[in-house]
Amino acid sequence: MKLHTQRLQTLDEIRAFLEGASPLDFTVPSRPEAYGWIESSLCQLGYLRLGKADKGIVRDYLIKVSGFSRAQITRLIAQYRRTGRVRDHRGRPANAFQRRYLPADAVLLAELDALHGTLSGPATRKLCERAFHVFSDQRFVRLARISNGGLYNLRHSTAYRRQRTHHDKTRPTPVAIGERRKPFPDGRPGFLRVDSVHQGDLDGIKGLYHLNAVDEATQMQCVVSVERISEHFLIPALNPLLDSFPFVIRGFHSDNGSEYINHRVAQLLEKLRIDFTKSRARQTNDNALVESKNGSVVRKHLGYAHIPGRFAARVNTFSSGVLTPYLNFHRPCLFPEAVVDAKGKRRKRYPYANLMTPYEKLKSLPEAEQYLKPGISFKQLDEIAYAISDNEAARLLNQARTELFQYINTAQQPAA
């Protein structure tokens, strides 16, 4: 356990370890070692002086490394709080039954299972018999006559699970496309969160897809509709999607869907010198911004009903030509403000003063002109933003949406 006490000395290191970001390897210790390590860890980290949230992080860390249950760790922490020590006070029962299989047998069985890949009970019994009778390995003297039930009970024992338990990060996909991490825009525009929205299938007819891209810093958004999600339709749609943003695109973050995690998309982004990242395992909020926009924007304006893929061009005219300008220049968005409370926890607040359109947010950034693409100025963008009022833009949006769905419904009606 020296590896842990040397390297995980701060709460930040422990958080990274619990999130799977730390490459630290370890083996679950035996019970006596675990008690001593838990006591030294609680002392080193100053557990009794920590806040409630930090205590929870330390508790999860102790559970993961020691292999103890949450209830066991809770009892040991309570003992440490009372006495300042962590000791095993369990005594041997007065009339204990003699154990047929010792902890050493569980360790030996774990070693055998690790070598052979945890075979079935009968196959494992045969291996134990052969080890003792054929190859004269005296360590298997008791396991050579074990029953199926006894073998499975031994596999569930604490001594066995300590040997076979291992913790490591989620194994990465063998396709090395995109970096699995969260983007860090640092308040700069140009870091897109991208996701796909499907309009459903009906009676074997495929529905179209919407590509939804949202800038993290300004919430400027572009919605593009395509007939299919394959590379044949996706790649031509990505170019106008990236071109629709007035600032230089620096990052492209998606989930792990194959529509984005493929070599053609990677080559396109590499050609444009755009950083390609993808969501991490067990981090459900990595792409939360665009997923929330899927519901509050795409589903709100285009609904959940099935739209056949053959209407993709017509829908794209609406989504990219009418819906996208309305979202960027006329629809106010709330922007969070990080606040540290009295307990040291970071919380997000959404003050009314931060309510503005994405375009206003872009203009409010310090030295915002430096982020614009060459040939684009705020004077040009102002002409688009203030050409019509917000209410007039909403009327045009609703009118265009009504005409779109009237056209789709009429085209799908059978001829009389």
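Contact, on this tour, means heavy atoms within 4.5 Å. The model is predicted: local features need pLDDT of at least 70, side-chain atom pairs count only at pLDDT 80 or more, and totals for chains, interfaces and linings use all residues. Residues are numbered from 1 along each chain as its sequence is written, and side-chain values use heavy atoms, with hydrogens and water left out.

**Stop 1: F252**

Select F252. Leave aside its neighbours within four places in sequence. F252 is then in contact with L192, V194, L238, L242, Y260, L269, I274, D275, F276 and T277. Two of these names return in an aromatic cluster: F252, Y260 and F276 form one.

Now show the strand, β5 (residues 251-254). Helices (H or I, at least four residues) and strands (E, at least two) are DSSP runs, numbered from the N terminus. G251 and H253 point one way from β5, F252 and S254 the other, and all are buried. Buried means under 20% relative accessible area, exposed over 50%, and partly exposed in between, with a 1.4 Å probe and protein chains only. In a regular strand the side chains alternate between the two faces of the sheet.

**Stop 2: the strands beside β5**

Two strands pair if DSSP finds at least two bridges between them. β2 and β5 run parallel, joined by three bridges. Look for L192, which stands opposite F252 in β5. D275 in β6 is the bridge partner of G251.

**Stop 3**

Select β3, residues 209-215. Seven of its seven residues are buried, so β3 is largely enclosed by the rest of the structure. Y209, L211, A213 and D215 point one way; H210, N212 and V214 point the other.

β3 pairs with β2 in the antiparallel sense over seven bridges. S196 stands opposite L211 there. With β4, β3 has six bridges, also antiparallel. Y209 stands opposite V226 in β4. Five residues lie between the strands of this β3 and β4 hairpin, and Q219 takes a positive phi near 65° in it.

**Stop 4: the nonpolar cores**

What is the size of the largest nonpolar core? It has 37 residues. A nonpolar core is a set of buried Ala, Val, Leu, Ile, Met, Phe, Trp, Tyr and Cys residues joined through side-chain atoms within 4.5 Å. Colour L192, L211, L238, L241, L242, F245 and F252, which have the most contacts inside the core. β2, β3, β4, α10, α11, α14 and α15 each supply at least two core residues. The largest share, six residues, comes from α10. Apart from this core lies another, of 24 residues, with I14, I63, V65 and I77 among them. In soluble globular proteins, nonpolar side chains tend to be buried together.

**Stop 5: rings and charges**

A search of the whole structure finds eight aromatic pairs. Rings of Phe, Tyr and Trp (its six-membered ring) pair if their centres lie within 6.5 Å; planes under 30 degrees apart count as stacked, over 60 as edge-to-face and the rest as tilted. Zoom to Y359 and F378: the ring centres are 6.2 Å apart and the planes are at 55°, so the pair is tilted. It links distant parts of the chain, with Y359 in helix α14 (residues 358-364) and F378 in helix α15 (residues 378-385), 19 residues apart. Y359 is buried at 1% relative accessible area, and F378 is buried at 10%.

Next, find K361. Its charged end sits over the ring of F335, 5.1 Å from the ring centre. R314 lies over the face of Y407, at 3.9 Å from the ring centre. The criterion is NZ of Lys or CZ of Arg within 6 Å of the ring centre and within 35 degrees of the ring normal.

**Stop 6: E39**

Move to helix α3 (residues 31-44) and select E39. Buried or exposed? E39 is buried, with a relative accessible area of 16%. Its side chain makes a polar contact with the side chain of R87, at 2.7 Å. Such a contact is a pair of N or O atoms within 3.5 Å; within protein, one must be able to donate a hydrogen and the other to accept it, and residues adjacent in sequence count only if both atoms are side-chain atoms.

**Stop 7: two loop residues**

Most residues other than glycine have a negative phi. R273, in the loop between α11 and β6, has a positive phi of about 60°. R273 is exposed at 65% relative accessible area. Finish at E367, in the loop between α14 and α15. Its phi is positive, about 50°, and at 59% relative accessibility E367 counts as exposed.
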